[in-house]
Amino acid sequence: MSRALKLAAVAGVALLTRRALKGRIARSPLWPLPALETPVSGHSPRRWLPALIVSRAEPAQGVLLLTLASPELPPWTPGAHVDVQLPSGLIRQYSLCGDPADAGRYTIAIRLVEDGRGGSREAHAQLVEGAELPVRPPRNRFPLVPSPSYAFVAGGIGITPVLPMLRAAEAAGAEWTLLYGGRSRSSMPFLAELEAYGPRVTVTAQDEAGLPDLTPLTGAAPGTLVYCCGPEPLMEAVEAAAAPHAPVHLERFTATAPTTGASHPFTVELHRSGRTIEVGRDESTLTAVRRELPDTPYSCAQGFCGTCQHRVLAGEVDHRDTLLTDQEREDSMLLCVSRARTDHLVLDL
Amino acid sequence: MSNTPPAPAPVASEHIELKARNVSFGWEDTPLHWLPGDPFATHTINVLHLLLPAGERWFVHVYKQVLPYIKDERLRADVVGFIGQEAMHAAAHDDVLPHLKRLGLDPTPYTAQVDWLFEKLLGDRTLPPGKARHWWLMERVALIAAIEHYTAFLGDWVLNADELDRRGADPVMLDLLRWHGAEEVEHRSVAFDLFMHVDGGYHRRARTWATAFTALVFLWQRGTRFFMENDPELPAAKASLGQFFRAGRQGTLPSAGAMLKSIPTYLSRTYHPSQEGSTAQAVAYLASSPGANGGAAA
């Protein structure tokens, strides 16, 4: 082979390699590194997404129905809820009750609780059409498991996560029933839409007929999944009434005890080091923990950097930060600002 | 000739207490080409937003594991302050990513791969407790020290990059870069001091420097290329080395010469980060930064 031919062959191979590489890199910018399946950067579950209130209605007495819109709102599935940041900075959780196919729009319903912690009063007084309402990406701890048959039970505003579920069950052609209880018909939202489903839906208003009759649950067909959202006594009654072969899925309202705002002393058990410490009224959990474990990392001491986030093994936390997501709050806390709601906490420290 | 081997010599007066600052930046008004008329320099600097969220989360992850090995109270306090600052940096840069997506330049294809690099390749791996796990922890601590040499270099550069002001760079972006740069200068000794405290081996220092440098060059050139090729406003744009040298001469990017000079600096046996950069300048910037003082920019 002549020299010129060899040179041409090498140049040709080099050109082809270059083209192939260019194509690869165009498709995969850091080739040959693979991509992480669920990207983390730029997709923080802690990020507040700016959403606009595009409609406000009162579908029932004391119930506020808001539709939020933004092209950035991620898709969701029935049973999901979102963190919402009220103008005062309070964070509250509400179930999504619109249509998951309606991309870029979330619908939430807020029941006014006059003697509550203040979130619903603020929402009713201040959230008007055209206002901005930051929300976090939705999360679902009450997902609808595919099944040929469902029994839904909703108490009052607990109808919100159930509403998209029964639409999904209907669309999937499943058998389903709904027992929907509330104080009075005038305070129960979505009655018109629900009555269109006919005999599948049983509405029981307490001022007319007392509490909903749960006996149909006892006779539920094998394989029926029970989904219930409502006040604690209703959920306990449902658990007791459901047939043993009908698994019960419950959605609890997140806050079970009111925050007083005041600080009371409590004890913290450090599970791994096997020590128990007292947290005084005037000191932070972090200060008390660091007396025993001076290595415990922290930085801002004001609840924004997240350095002192720690796993909670037992006890109820009074979360006083605005950083952690609902999901993180289930099993962790920021030691610098948050405290115990009860008298005792167990930390994985 | 002295009999004692040369050792890193810190400049004593430079020590200050480190604390995370709460920051807030509003991105609504920042254009895609935030350095007007210079997409190449814009995108080269934008690569920071691709690397830092995953990278600095990884720093925090590694440093939380190394805390029990620290036997010096003051260093421990520094590392804890460092962790808080890095966590804030990661979050602040992470916030730029959805803004880029809004402007039509979705960074996810690149960042998902960076996420893999830091979460998987450089993650904890399933190592048995003992020697292997300790070796891997020390290797990563040394890598962070080498990377921090470059973040301090870039921090010092951006604090002094007057050309960015002259060209009318977006004030919010400039504030993010300078707040971050200033904190990098402020805590520039921590990663190195930590490495010297828990390991300090020169071979490890040189080896991890080579890895970090190669990785940074690889990530940076791919990142700039990714941005230039996917820029919705510049359908035919390409990144080239020529543009890089030109921007370096003009002062819109660090110069190639300065970058080359920083190599022997880090590899010198007497190197200590406090010998370079100015804590006073960094602290002065932090006192006046709109983003670090209640987010006046938002």
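## Salt bridges

A salt bridge is a side-chain nitrogen of Lys or Arg within 4 Å of a carboxyl oxygen of Asp or Glu. By this rule, 32 salt bridges are counted over all chains of this predicted model. Between chain B and chain A the count is three.

One of these joins Glu72(A) and Arg102(B), with N and O 2.4 Å apart. Glu72(A) sits in the loop between strand E2 (63-69) and strand E3 (81-85) of chain A, and Arg102(B) belongs to helix H3 of chain B. Helices (H or I, at least four residues) and strands (E, at least two) are DSSP runs, numbered from the N terminus.

## Basis and confidence

In this predicted model, local features need pLDDT of at least 70, side-chain atom pairs count only at pLDDT 80 or more, and totals for chains, interfaces and linings use all residues. Residues are numbered from 1 along each chain as its sequence is written, chains are lettered from A and ligands numbered from 1 in the order in which they are written, and side-chain values use heavy atoms, with hydrogens and water left out.

The complex has an ipTM of 0.84 and a pTM of 0.79 from the predictor. The pLDDT (the predictor's confidence in each residue, from 0 to 100) averages 92 in chain B, where 95% of the residues score at least 70. Chain A averages 89, with 97% of the residues at 70 or above. Within chain A, confidence is highest in E2(A), at 97, and lowest in helix H9 (residues 326-331), at a mean of 82. Residues 254-260 of chain A have a pLDDT below 50; beyond near neighbours in sequence, this stretch has 11 contacts in the model. Contact means heavy atoms within 4.5 Å.

## The interface

How much area do chain B and chain A bury between them? The value is about 3000 Å², 60% of it on carbon and sulfur atoms. Buried area is the accessible area (1.4 Å probe) that two parts lose on being put together, summed over both. On the chain B side, Gln113(B), Trp116(B) and Arg222(B) lose the most area to chain A, together 21% of what that side buries. The contact takes 28 residues from chain A and 40 residues from chain B.

Polar contacts link 14 residue pairs across the two chains, both residues at pLDDT 80 or more. Such a contact is a pair of N or O atoms within 3.5 Å; within protein, one must be able to donate a hydrogen and the other to accept it, and residues adjacent in sequence count only if both atoms are side-chain atoms. On chain B, the elements giving two or more residues to the side that touches chain A are helices H1 (39-66), H2 (73-94), H3 (96-102), H4 (108-121) and H9 (202-230). H4(B) gives the largest share, 12 residues.

The peptide bond from Trp31(A) to Pro32(A) is cis, with omega near 10°. Pro32(A) is in the loop between helix H1 (3-27) and strand E1 (52-60) of chain A. Phe190(A), a residue other than glycine, has a positive phi near 70°. The loop holding Phe190(A) runs between strand E7 (175-182) and helix H4 (191-195) of chain A.
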